[in-house]
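Here is a brief report on one structure.

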Amino acid sequence: MTASAVGDPAAGLANAFSDPARTATDVVADVAPPAGVSWDEPANSDWTRSWWRAEQAARVALDRVLDADEMLSEPRLARDLASQLSAGSLLFAGASMPIRDLDATMRARCGLRLVGNRGVSGIDGTVSTAVGAALAHQHDGGGRAYALLGDLAMLHDQNGLIIGPGEPRPDLAVVVVNNDGGGIFSGLEQAGHPDFERVFGTPHGVSMERVAAVADLPYTRLEWAADLPKALMGEGLRVVEVRTGRSDSAALRRRMQTVVDEAVDALV
Ligand SMILES: Cc1ncc(C[n+]2csc(CCOP(=O)(O)OP(=O)(O)O)c2C)c(N)n1
């Protein structure tokens, strides 16, 4: 069935439906739940219950690992940031590990507008996208805005922090995970390559304090989980830096995977 072959509602939807690769074969306006199941309430089936149990077991195991260290790790920062923002906030997620850490650790919640460039997941243009998203969010009456970015994403588009006189300025805290290079590669096969640091790690030694200073923006260095709410305070465009280690972060993510696997396996 092609989009043009469906009835009126779906044809309307097809006009708004984004399918840049032109691969959708069926576009429908709605999906009916199976007989006896309501989308409004979780189905009371063994299958659903097994997923809820697995979710709870994984959650407890994951939180135990994340909470074992009061110094902010990359995954803990993602979890705590997403859960502490007030309703009506926007959180812009940078590509690479920020979006993956949110995906892996974030608790389900309402009232947070979470946006990111996955699908066009370059680390270029990230600061400008976050600034634009924050301006649009606040123009529409939305609340505060935050971005969670890696240091390379920040450096790639640091000029996005510079806003000309008379231009609208967002209320946006740009939280940068500074692991001095591309952290994602420490969790991939090439981590053992003899020339890893130069080719994949790409350390730069730049502090976000200096990046903030170039744009004349307020800067806060954050280390401890308990200080996150205080670090997020303030107004306008500002930079918060959390310094982490690439190999420590990769080891922590492997540990998270192991404890979640064990917790879920123990249920069966
Ligand atoms: C424009 C562009 N160049 C290169 C890449 C390849 N790339 C993917 S992730 C990554 C590292 C990103 O580092 P950072 O933003 O510090 O995040 P981290 O990996 O540390 O979480 C790179 C270089 C890309 N996605 N986009």
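## Two loop residues

Thr-202 sits in the loop that links helix H7 (196-201) to helix H8 (208-214). The model is predicted. Thr-202 is not a glycine, yet its phi is positive, near 45°. Is Thr-202 exposed or only partly exposed? It is partly exposed, because 15 other C-beta atoms lie within 10 Å, and the exposed class ends at 12 or fewer.

Arg-22 also has a positive phi, about 55°, without being a glycine. Its place is the loop between helix H1 (8-16) and H2. Arg-22 counts as exposed because 6 other C-beta atoms lie within 10 Å of its own.

| Residue | Phi | Loop | Other C-beta atoms within 10 Å |
|---|---|---|---|
| Arg-22 | about 55° | between H1 and H2 | 6 |

## The H2 and H10 pair

Helix H2 (residues 46-67) packs against helix H10 (residues 246-265). The angle is about 145°. The axes lie 8 Å apart. The crossing of H2 past H10 is right-handed. On the H2 side, the contact is made by Ala-54, Ala-57, Ala-58, Val-60, Ala-61, Leu-62 and Val-65. H10 supplies Arg-255, Met-256, Val-259, Val-260, Ala-263 and Val-264. By class, the contact holds 12 nonpolar residues, 1 charged residue and no polar ones.

## The nonpolar core

In soluble globular proteins, nonpolar side chains tend to be buried together. Here the largest nonpolar core has 42 residues. Which residues have the most contacts inside it? They are Ala-130, Tyr-146, Ala-147, Leu-148, Leu-172, Val-174 and Val-175. Strand S4 (residues 172-178) gives the most to this core, with 6 residues.

## The ligand shell

How many residues surround the ligand? There are 15. Met-97, Gly-150, Leu-152, Gly-182 and Gly-183 are the closest. Helix H6 (residues 151-156) provides the largest share of the shell, 3 residues. By class, the shell has 6 nonpolar, 7 polar and 2 charged residues.

Definitions and conventions
Residues are numbered from 1 along each chain as its sequence is written. This is a predicted model: local features need pLDDT of at least 70, side-chain atom pairs count only at pLDDT 80 or more; totals for chains, interfaces and linings use all residues. A residue is near a molecule or strand if its C-beta atom, placed from the backbone, lies within 6 Å of it. Helices (H or I, at least four residues) and strands (E, at least two) are DSSP runs, numbered from the N terminus. Ala, Val, Leu, Ile, Met, Phe, Trp, Tyr, Cys and Pro count as nonpolar, Asp, Glu, Lys and Arg as charged, and the others, Gly among them, as polar. A nonpolar core is a set of buried Ala, Val, Leu, Ile, Met, Phe, Trp, Tyr and Cys residues joined through C-beta atoms within 7 Å. A residue is buried if 20 or more other C-beta atoms lie within 10 Å of its own, exposed if 12 or fewer, and partly exposed in between; C-beta atoms are placed from the backbone. Axes are lines fitted to C-alpha atoms, for helices over the stretch in contact, and angles run from 0 to 180 degrees between N-to-C directions. A crossing is left-handed if the near helix is turned anticlockwise from the far one by less than a right angle, and right-handed if clockwise. Two residues are in contact if their C-beta atoms, placed from the backbone, lie within 7 Å.
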